[in-house]
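Please keep the sequence and the coordinates to hand while reading.

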Amino acid sequence: MMKKVNIVMKATHNWTQEDEQRLTARLVDNFYDLINRNEEEGLYWTGLQCDLVELAHIVWTSGKLMDRRGFPMDFQTIVHHICRVLHVREPRNPSSILSSVRARKNIRVGPLRERYMQLFMRANVQDPMQMEIRKEEHGDLVS
């Protein structure tokens, strides 16, 4: 009788801290551009609301977005502006969404930073966030 053997593979990350910093800089640039846009431009977020909140948190922790007084923007303000521009219902408590995201155990939906790093490094997608934004023109969604 043949003994059954379980095969387990370990996920490997082939990116450096510099790679993660490049991705974060790209996300900050995207947020800067988006927050300064008008909601009438017809941009829509097609991803999950929790992913957008997680992206806002990544941008907030970078400390690189400033308000008009020169202070780093607070998390709630970043979430408010990005939801307004991308036509997403603004969560009452974005921090609770972030806590839920961190607590999720679903292995099929890994952390957003990991998913974006995979796209950024392995699939050579320079702006992973842009894949989840669509522009509506005259009632039609345009990529």
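In this predicted model, Gln49 is in contact with Val88, Arg89, Glu90, Pro91 and Ile97 once its neighbours within four places in sequence are left aside. Gln49 belongs to helix H2, which covers residues 49-62, and Gln49 is partly exposed, with a relative accessible area of 23%. One of the residues in contact with Gln49 is Ile97; the two are 48 residues apart along the chain, while their C-alpha atoms are separated by 8.9 Å.

**Helix H3: its ends and its buried side**

- Which residues of H3 are buried? They are Phe75, Ile78, Val79, Ile82, Cys83 and Val85, and because they cover an arc of only 165° around the axis, they fall on the same side of H3.
- An α-helix has 3.6 residues a turn, so residues three or four places apart point the same way.
- The cover over the buried residues of H3 includes H1, S1, H2 and H4.
- Just after H3, His87 takes a positive phi of about 55°.

**Packing of H3 with H4**

- Two packed helices are described by the angle between their axes and the distance between the axes.
- For helix H3 (residues 75-85) and helix H4 (residues 94-103), the angle is about 90° and the axes are 10 Å apart, so H3 and H4 are roughly perpendicular to each other.
- The contact brings Phe75, Gln76 and Val79 of H3 against Pro94, Ser95 and Leu98 of H4, and the residues of this contact divide into four nonpolar, two polar and no charged.

**Thr24 in helix H1**

- Thr24 lies in helix H1, which spans residues 17-35, and it counts as buried because its relative accessibility is 16%, with the cut-off for buried set at under 20%.
- Apart from its neighbours within four places in sequence, Thr24 is in contact with Ile58, Ser62 and Arg113.

- The side chains of Glu40 and Asn38 are joined by a polar contact of 3.0 Å.
- Glu40 and His87 are 47 residues apart in sequence, and their C-alpha atoms are 9.7 Å apart in space.

Technical notes:
Residues are numbered from 1 along each chain as its sequence is written. This is a predicted model: local features need pLDDT of at least 70, side-chain atom pairs count only at pLDDT 80 or more; totals for chains, interfaces and linings use all residues. Side-chain values use heavy atoms; hydrogens and water are left out. Helices (H or I, at least four residues) and strands (E, at least two) are DSSP runs, numbered from the N terminus. Buried means under 20% relative accessible area, exposed over 50%, partly exposed in between (1.4 Å probe, protein chains only). Contact means heavy atoms within 4.5 Å. Axes are lines fitted to C-alpha atoms, for helices over the stretch in contact, and angles run from 0 to 180 degrees between N-to-C directions. Angles under 35 degrees count as roughly parallel, over 145 as roughly antiparallel, 65 to 115 as roughly perpendicular and the rest as oblique. Ala, Val, Leu, Ile, Met, Phe, Trp, Tyr, Cys and Pro count as nonpolar, Asp, Glu, Lys and Arg as charged, and the others, Gly among them, as polar. A polar contact is a pair of N or O atoms within 3.5 Å; within protein, one must be able to donate a hydrogen and the other to accept it, and residues adjacent in sequence count only if both atoms are side-chain atoms. The arc is that of the directions from the helix axis to the C-beta atoms.
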